[in-house]
Every structure is written in structure tokens, then in C-alpha cells.
Amino acid sequence: MPDMVFMQPPGGGEPQEVEATPDILVPMLVAGWRQCPPPAPQEPPEEE
Amino acid sequence: MANIRELLIGFGKGKQTNITTANILAQIWRLAKLNVELANPRYVTENDAAELGKGHEFATQLFKSHIESGPHRLEKYLSSEFAAWLVAFGLGKVVKSGLGPYTYTCTPLNLPTDGLELPYFSYLEQVRPGANDVRDLMLVGCAIKGWTIEINSGPGRANAKATVEFVHSGKITEPSGITLPAATAENLLNAYSLACTINGVDYVTAKNFVSLTMGWDNAFRDTSDFYPGSGQQDGYQIRGRMEVGDRAPAFSFVARFVDGSAELQKVRDLTTGTATIQLTRDANNSLQVTWQKLGFAVAEVGETDGIVTVAVTGQPMYHETNGLLSAVVVTPVDGICQ
């Protein structure tokens, strides 16, 4: 199974999880994307 | 008296948070090098010789100006560890993946989105560090000006070497306050493992390959680094930034020239294609550099050790989707340029 990384688009925005292969990463890097940490897990809604 | 072979060097495998904040010990590794030059910062002074009002043309006072430091050279046998550091800091953009070994996918900065500054690192030199040290200083805020990878015919480690030139901001910590860790065990990428396809030709399978040189120059803008507010060290101005200029790639190789060799025809036809250069020690240690669109600018037939060869100067070009070049390094070391 290929490794996965999170990438953020130029100028900020929603990170995307992608396969860490050169075919996918290189065009993204060239287009200005950069690696970012995984987004924090969302907390489940509180039960009443 | 101290022997130059006592020289210890260490530098940040991780990047500094900014140009003025030194790497911490946990980010620093110690490696060996080949060249004997020391990384000497040069304190530049000026004087009043040209000023009027003294009655003569001689200097009467010295003034502090600035610190020039670099380019300093690091010459090493090529290893997966050093290759990862070189392309990550030298190109500027890196994605780390994997849980060990780690894969570093690197490309040059995209200037509109990434800016003009490369990641910075600290560089240490020590000779008998401690209370009676001969030399112990840390150069804070260094960036790679350029790098070269050479692959040559012949046995031994020297058939695959890397040279890095780096420039230093001028900020110095002396003594460094750092106790260097044990030397990192490096996994060499010798030339015997070369796989190489250039512009549609697999030169290794054909047993025709002789040598290759590829490199990168970040062409720093130099004087604009000394801007108002850039900072000082001992009253001498230092660089507050190092910005890439018109970056220059380099690619050339020599191959045996045989019946059917098409290098001259490719110059005439302006043929372009990719060039993929790969060195592999094992599954945990490799380097692959891909020049995304390469033409042949010059091809000249000559001789090497009595064999007819062709020397080709490549012209790396920008590919709309994949850029100029990418480098993928697999190595056991975590945290490079992180």
C-alpha cells in the first residue's frame, strides 16, 4: 500500500490526502502545493 | 599544533525556523567530508583613505563594514543521506513520506507561491572542542548556493561524488555550545548501480556510458541581502535573507560514440526527452533525479582513454506540468529539511 501524505494548495485551503508517488507529488509541487500536517480530527458532537 | 584531520563538522539536517535561529542539537548531524577548506567568515573593514580633510591620501581609521561568508564548499562521496540533504536544501521544496526508510521528493521552489528563500541550516566546525578548543564555531543561517553530482568511470567511492557550495548569513555563535553527536553511518551510492536513460537511450544497458555531471546554481542575489535592518554581528552588518536569483541547471555527459549513436542528430533535430538518473544501493537507499525535458545543446565527438566518445552538454528545459527537475531520495534518516 503506498504511503499517503497531506498536501495544501497554494494560498491555503483544504488539505488533500494523496498517494506519495512522484507522479502525483511532482505536478502538485510544481503547481505550488506544499506538504502540511494531517488536519486535526474533528470532535464528535456532544450528546445531550 | 592541531592536525587538519581533527576537524569535525556538523550541520543541520533539519531546517532552522528562520535565518537567525540556530539549529538545536537534536537537528544536527555529523558527517565526514573530503575537502580541507575551512568555512571562514570574513570580517570586511573599510577605511578613511579617500576622505578629504586629512591633508594626505593615507588611512587613519578603520571602520566595521560587513561579514562575507562563503561560498563554502562541502565535498563528499555520494550517500543516500547526503543526497537527501543536498536536494532538499538545495532545491527548496520537499515532501517526506514513509515511516522508515523515508522518501524525500524534492523540486525547486515555485517562486510565486514559495517565495525566494531556501531553507536555512547551521554549520559547525570544531577542532578539539572543549575548554581548550582550537576551533569551535557555528555559522547560523546558511543556505545552499549550488550543488553538483558527478558520476565517473572507475572503481571505488570516488566514482560518485557530490559537492555543495553554501553561503552564510554572517551570524556566528562562538563557541558553538554544541557537543556533536557520533558520526552518522552513511549508505554510499556508488556508480556501479547506475541506471540512466537520457532522451530515449538507455546508455547503461548498452555499456556506453562514461561519465555524467549534473548540478544546480541558486544564483543568490547577494547585495540585496544587506538591507536596512538586516542585522549585525559584533558591529558588522550581516545578511538578513538570501534570495535565489536566476537559477541555473547544469547537465552534461560523455558516452562512447558507436555506429547508430544519435547524439549529433538529436542536436540537429532539437530532439527533447526526459533524463532519468538513478543510483540504488538497496531498497532503503537510492537517488533518482529526473530532468523533465532535456535537449542537447552541444554534442562533440572526441576521445576518452583512446576510445571515441561524444561529449554532450544538455539543455534542461521547463516542462509545463512537471517543472524542470525532481529528485526522489530514499534513506533511513528521518527529519531531513523538516
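Is B:Ala219 buried, exposed or partly exposed, and how many other C-beta atoms lie within 10 Å? B:Ala219 is partly exposed, because 14 other C-beta atoms lie within 10 Å; a residue is buried if 20 or more other C-beta atoms lie within 10 Å of its own, exposed if 12 or fewer, and partly exposed in between, with C-beta atoms placed from the backbone. The legends below describe a predicted model, in which local features need pLDDT of at least 70, side-chain atom pairs count only at pLDDT 80 or more, and totals for chains, interfaces and linings use all residues. Residues are numbered from 1 along each chain as its sequence is written, while chains are lettered from A and ligands numbered from 1 in the order in which they are written.

**Figure 1. Chain B as a whole.** Chain B holds three helices and 20 strands; helices (H or I, at least four residues) and strands (E, at least two) are DSSP runs, numbered from the N terminus. The radius of gyration of chain B is 22 Å, close to the 20 Å that the globule rule gives for 338 residues, so chain B is as compact as a globular protein of that length. This radius is taken over C-alpha atoms, and the globule rule is 2.2 Å times the number of residues to the power 0.38. Of the 338 residues, 43% count as buried. The average pLDDT of chain B is 96, and 100% of the residues score at least 70; pLDDT is the predictor's confidence in each residue, from 0 to 100.

Figure 2. Seven of the seven residues of β20(B) are buried. B:Leu325, B:Ala327, B:Val329 and B:Thr331 point one way from the strand, and B:Ser326, B:Val328 and B:Val330 the other way. In a regular strand the side chains alternate between the two faces of the sheet. β7(B) runs antiparallel to β20(B) and is joined to it by five bridges; two strands pair if DSSP finds at least two bridges between them. Within this pairing, B:Tyr102 has B:Thr331 as its bridge partner. Strand β18 (residues 285-304) of chain B also pairs with β20(B) in the antiparallel sense, over six bridges, and here the bridge partner of B:Gln288 is B:Val328.

**Figure 3. Helix α1(B).** The twelve residues of helix α1 (residues 80-91) should span 16 Å at 1.5 Å a residue, and the end C-alpha atoms are 16 Å apart, which agrees. The expected span is 1.5 Å times one less than the number of residues. Twelve of the twelve residues of α1(B) are buried, among them B:Phe82, B:Trp85 and B:Phe89. B:Gly92 follows the helix and has a positive phi, near 110°.

**Figure 4. Backbone features in the loops.** Most residues other than glycine have a negative phi, and most peptide bonds are trans. B:Ala219, in the loop between β13 and β14 (232-233) of chain B, has a positive phi near 45°. B:Asn199 has a positive phi near 50° and is found in the loop between β11 and β12 of chain B. B:Asn199 is buried, because 20 other C-beta atoms lie within 10 Å. The peptide bond from B:Gly70 to B:Pro71 is cis, with omega near 5°. Another cis peptide bond joins B:Glu174 and B:Pro175, with omega about -5°.
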